[in-house]
Structure formats: C-alpha cells, structure tokens
Amino acid sequence: MSDADLRVEDDEFEDDGYDDNFDEDGDINTIEVPTARNVLEYLVKSVVENPDEVEVEVVERQGSVALEVTVAEGDMGRVIGRRGRVANSIRTIVRAAASRDGSFVDVEFVD
C-alpha cells in the first residue's frame with residue numbers, strides 16, 4: 001500500500017452526529033458530563049451518612065474522562081459495599097447516564 005492510498009481528504013468524512021467534546025478553541029480539556037456527574041452525586045449522597053461531604057470531580061486522563069468521588073472517612077465502606085457490589089452498581093448506572101452526554105466515563109472512589 002502506498003502513501004497515496006493512506007491519504008484521506010477532509011471532505012470524505014461525514015458528520016456522524018456525535019459531539020467530539022471540543023470547545024470553540026478546539027481544546028478537548030473542557031469535557032463536560034453533567035448528566036453522569038449529577039447522577040453519580042445523587043447516588044453517592046443517597047448511600048452515605050454525611051452527604052454534605054461528598055465531592056465529585058471531573059478529571060481528564062489520556063483522552064478519557066474519570067469521575068473521582070471523595071466521601072467522609074467513615075462512608076467509604078458504605079459506597080463500596082460488600083465485595084464491591086454497591087460500587088459496581090453505581091459505576092453501571094453512571095456509565096449509562098454518561099451515554100446521554102455522548103461520553104464514556106470511569107468512576108473512581110478516592111480515599
């Protein structure tokens with residue numbers, strides 16, 4: 001295969017309807033996942049004893065989005081659950097909510 005075969009013209013691409021999460025300047029560092037973030041915050045606050053201390057931070061890592069959850073010291077066990085079942089359930093629901101934002105997210109529970 002020659003180099004000419006590998007070249008693709010810009011007009012060959014069609015709009016696939018997906019938002020590539022770029023801002024006006026073409027910067028991907030402003031990825032927003034409001035539905036996923038709000039669902040995650042709601043679920044975690046529903047499980048813990050101290051909902052006022054729940055913090056959710058959106059972090060971009062190597063092109064993917066991670067939602068980092070911080071809770072009060074004694075609440076981490078409630079969020080993780082037995083054998084991680086509660087945490088895995090939360091991850092599943094938040095990933096479904098992220099699809100509404102047109103994105104894929106990882107949920108991380110930070111000590």
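The largest nonpolar core of this predicted model has 20 residues. Those with the most contacts inside this core are L40, V44, L67, V69, V71, V94 and F109. Two or more residues each come from α2 (34-47), β2 (64-70), α3 (76-80), α4 (85-100) and β3 (105-110). The element that gives the most is α4, with four residues. In soluble globular proteins, nonpolar side chains tend to be buried together.

**Overall layout**

- The protein chain has four helices and three strands.
- Along the sequence, these elements follow the pattern α-α-β-β-α-α-β.
- Of the 111 residues in the protein chain, 29% are buried.
- Taking contacts between residues at least 6 apart in sequence, 57% join residues at least 24 apart.
- The protein chain exposes about 8,100 Å², and carbon and sulfur atoms supply 43% of that area.

**Helix α2 and residue V44**

- Helix α2 has 14 residues. From its first C-alpha to its last, α2 reaches 20 Å, close to the 20 Å expected at 1.5 Å a residue.
- The buried residues in α2 are A36, L40, E41 and V44. Seen down the axis of α2, these buried residues fall within an arc of 130°, so they line one face of the helix.
- An α-helix has 3.6 residues a turn, so residues three or four places apart point the same way.
- The buried residues of α2 pack against β1 (55-61), β2, α3, α4 and β3.
- V44 is one of the core residues with the most contacts inside the core. Leaving aside neighbours within four places in sequence, V44 is in contact with V54, V69, V71, V79, I90 and F109.

**Residue R83**

- R83 lies in the loop between α3 and α4.
- R83 has a positive phi of about 55°, although R83 is not a glycine.
- Most residues other than glycine have a negative phi.
- R83 counts as exposed because its relative accessibility is 78%, and the cut-off for exposed is over 50%.

**Confidence in the model**

- The mean pLDDT of the protein chain is 81, and 72% of its residues reach 70 or more.
- Over residues 15-23 the pLDDT is below 50. Beyond near neighbours in sequence, this stretch has nine contacts in the model.
- Over residues 25-29 the pLDDT also stays under 50. For residues 25-29 the model has seven contacts beyond four places in sequence.

Note on methods:
Residues are numbered from 1 along each chain as its sequence is written. This is a predicted model: local features need pLDDT of at least 70, side-chain atom pairs count only at pLDDT 80 or more; totals for chains, interfaces and linings use all residues. Side-chain values use heavy atoms; hydrogens and water are left out. A nonpolar core is a set of buried Ala, Val, Leu, Ile, Met, Phe, Trp, Tyr and Cys residues joined through side-chain atoms within 4.5 Å. Buried means under 20% relative accessible area, exposed over 50%, partly exposed in between (1.4 Å probe, protein chains only). Contact means heavy atoms within 4.5 Å. The expected span of a helix is 1.5 Å times one less than its number of residues. The arc is that of the directions from the helix axis to the C-beta atoms. pLDDT is the predictor's confidence in each residue, from 0 to 100. Accessible areas come from the Shrake-Rupley method with a 1.4 Å probe; for residues, only the protein chains shown count as cover.
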